[in-house]
Structure formats: C-alpha cells, structure tokens
Amino acid sequence: MANILLNVLIAFLVGSILFGLQRKIMARIQMRPGPPIIQHLLHTLKFFIKESSFPKTAAMPFYIAITAMLCVIWVAAVIVGPVTGGSLLLIFAIYALHKIVEHNAGSSSGSPYGKLSCVRAVFSAAAEVPLFAVLIIIYLKSGTMVISNIISYQTIHGPLLYSIPLAAAMFFVLILSKAPYSPFAITKGKDIVSGYETEHFGLLRGYLMISESIAWYMLLWVFLTVFVGGLSPLWYLAGMIVLTTITAFINATTPILNPNHSIMMQVSFAVIGIVGSIVLLLYI
Amino acid sequence: MDITILGQQLLGYIPLGDIVLYMAPLNLFMFVSALVFTTLIAISRTETQVEAEFGTLKDRGVKVDIKEFKIRRFLAIVCGLATAGAMITGDLFDFTLFVCLIGIVNIGIVSAVKQIDVLNAAFQYGLVAMIATLPLFGGAALILASTGTISLLEIANIPTTAMMAFGSILLLLGVAGETGVAPFYATKAEMFRTPGSPFLLIIHLSSLLVIVRLIEILLIINKPF
C-alpha cells in the first residue's frame, strides 16, 4: 500500500513539474519569460481550495463521477506499471478507458464547447488507439506482454528502440498528442475554450489536473520502460525531461492542427509505423 | 491455478457446461469497469445540451424527453451487460454473440433519437453492423472448424494454422464493423451530436473494450512463437 501511495505521489509531482517545465521551455522559445516551473502544480493544488460549482445543465451524478473515474484509472495505471510491472495489454485497456472518460467529461456538462470536444475525442480515438496498438508490435518482437519480462528481454537483446524504431516513433506521436498545446491537442484547442475541461470547476478541475499529470508521467514511463529498458530513478527522470523538452520544442513551433488534418496525420503515422514495423520484424 | 494467458495468471474460471467464463487481471479489470459504468448510467439523468440559435443571440436547451430517456437507458444497460459478458467469456462463440448484441443495442440507443442527421448516421452504422455479422460469425465458425473447439483455454494450446489465421482476419473485420471502430468511425461521431451523454458513453465504452478484448483473443489464437 505504501509503495502504491509513494508511486502515485511521485507520478503526480513529477508529471506536474514536467508540465511546468514544458510551458517554461515553450515560453522561452517564444521570447516570453513564462510561468514558474511549479505553476501547474500550484494550479492543481489551488483548485482543491476553490469553491466547486456545477452547471444546472449537467448530467448528474454522471458529471461528477466521471472526473473521479479519470483519477482512478490513472492510479490503476501506476499500480499496473511502476508498482507491479504488470501487463501492457492492461495499460492499453486503461488508455482506452481514458479516451472514453475524456469524451464524456466534455459531453456530460451540456456545454457546447464540451460537446465539440467530445466529438473531437471520438474522432481522435480513431487515430490514437491505433497508435497505442504499437504494444502489439512490442509483443511480436519480445514475445511477452508483461512489463517486467520486456525489461528482462532488453537486458539481453538491447533496447527495443533500436530494433523497432518506427514503433517507438508511433508511441512518441501518441505522447505528443497528449501534451498541452501540441499540434494534435484538438480536444483542448483554444477555439473551444478548454474543451472538455471548460465546465469543470473547483474540486472536479483539481481531479482532472491530477489525472493529466499522472497520465503524462505514465506515458513517458511506458515509453522509457518498453523502448529503453529498466532504468534507475535518476535515468528515468533524465529521460522524462528529455522527452518533455522535445515535445516543448515541437509544441512551441507548430500551431494546433485543424481536427481533420490532425486525425489524418496521426492515421498516416499509424499506417507507416505499423506496416514499417511489420516489414522490419519480417526482414531484419 | 497454474493456467496463464498471455503471461497473465488466471484468477479463476467458471465452467458452465460448454460455456467457460475465465478471469485474468485484464478481463477482471474490464469486466468491473463495464459494470461500474453501467451502474453509473442506470442512476444518472441526462444533460441539457445548450445550442446557439440562428438569427438571434439566444441559446436553446435540447433535452431528452422521458419516453426516449427510458428506452435509451434500458438499451444502454443491456449494452453495458453485454460488454461485461464479452470481457470474461472464455468461449469464442459467446464472444461473437455478445458483440452482435452490442451492435444491435448501439443502433437502438441512437435510433430512439428524433433527429434526422442522427437517424441517418444510425442507419449507416446499422448497415455496416449487419454486413459485419457475416465475417463475425464466419470467422468464429472457421476457427471452430479448424480447431474443433470454441474454448479459448483450449485454443491457447493448439498450434496456429493458416485457416485459424484466416478466421482471425474475418473475426477482426466483423468486430470492427459491429462496434463501428475505425474506419467506420465517421458515422459514429455524427451519432454523438445528440444529447444523452451517459448513453453515448456506453456506445464508445463497448467498442473500445471489445477491441481490447479482441486483441487478447487474436493473440491467443495466433501464437507467433
């Protein structure tokens, strides 16, 4: 139990600080001073002491429960990943649930902005879920779905990053799509205010922000674990900082794409990545 | 229990004659998730969707009326239970039956709405789902014919043959059509424009969870090692 609490706490704190770092780097690239690195963490904590209000149009109690569910599923991901080194397929299932919750957090409020975000989330699921199918390629290469066994495989055969680079690239595109201000962040585009988060205030917004931080940490953790191998905590931190810095550079220099273009681009990455990886698996 | 499925230790199985329900951590997680969401849907009311009016600066609220609410809630609960069933069944034919039921109730959830665009989308989805029934059951039948069993626990120990791989492809096509995942997503997104967030959740939930389960099943049937 203590191990779970510690890992969840680390995931939340590191995820929040990395989001702050990302905003700082983006601001410096755009010649702005930018907010302090701990801004995202402060924001999250702030929402827990703000008054919570609920739209009278919301679908109760669904609207409240769905935000708590988002938190629960990412805590479950921490248990499956860093705590127990469980099944990648289970993390895949958790990501699928995340997409569902993301889409319904938007539509349950009755807000038109949330609704548009919901429709975009459905569209983006068509592109993001195939990207997550990269886990199947990892299975085909390593012969296991269990994270601890994948780490052992890489200890013997070297990092999977070298043997299935296209799969790693696909997973990186998935990570990029979950970064704030990314070219693929259509569910939270500024044209729809804050997307599915628009009508969530106080405690509920706090839950959403905690989930986002843990989700960011987990996606980076999965990337580093399944493509580089088991690392020491310091190397994990260094890897996460490098990945966050790369996404910050991309986000700072590219606009948010139009939803159709975003989906087509992600689908193209998925097709090239899946077909290319299968060819690599067959012939190399 | 020393049975492992894709590296997951089986937590238990319930042999109901030919029908075998089994639970590994993945199946249990998805089964519980489906039941939790179904309970949530059963006790929730629907949102009032706020839409802008053309020609004025006013907004209008679009509500789900009580008759429509009752039938959609009933179908959503059936869909949730079918999804939960599809998560723990260890029987390939039961899985296809659950998927088929999910397709039928998904069409029902949306076709109870009185909006022309949404009904059109439901009609398109219905056509795809009906066509997909053939590869769905055909794939399962081919796997039965080539292995002599529909129990996934048994199939896990049978070496993969070309016919099993072909049956798997048909199964994949069938599930993709029934659940309306990519490339059939476009009509589904149209269906999501209607109010009734809890009911729309179950449409999305069922399709994504079934796809994850299908991946597990396909990896059980097609053993690359």
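The model is predicted: local features need pLDDT of at least 70, side-chain atom pairs count only at pLDDT 80 or more, and totals for chains, interfaces and linings use all residues. Residues are numbered from 1 along each chain as its sequence is written, and chains are lettered from A and ligands numbered from 1 in the order in which they are written.

**Interface.** Select the side of chain B that touches chain A: 40 residues of chain B are in contact with 41 residues of chain A (contact: C-beta atoms, placed from the backbone, within 7 Å). Two or more residues each come from helix 1 (25-43), strand 5 (49-52), helix 7 (185-191) and helix 8 (197-221) of chain B. Helices (H or I, at least four residues) and strands (E, at least two) are DSSP runs, numbered from the N terminus. Colour helix 8 of chain B next; it gives the largest share of this side, twelve residues.

**Met31(A).** Go to the loop between helix 1 (2-29) and helix 2 of chain A, where Met31(A) lies. Met31(A) is not a glycine, yet its phi is positive, about 60°. It counts as exposed because it has 7 C-beta neighbours inside 10 Å (buried: 20 or more other C-beta atoms within 10 Å; exposed: 12 or fewer; partly exposed: in between; C-beta atoms placed from the backbone).

**Pro61(A).** Select the loop between helix 2 (39-47) and helix 3 (62-83) of chain A, which holds Pro61(A). The peptide bond from Met60(A) to Pro61(A) is cis, with omega near -5°.

**Tyr181(A).** End in the loop between helix 9 (165-178) and helix 10 (202-227) of chain A, at Tyr181(A). Its phi is positive, near 65°, and the residue is not a glycine. With 19 other C-beta atoms within 10 Å, Tyr181(A) is partly exposed.

Notes. Contact = placed C-beta atoms within 7 Å.
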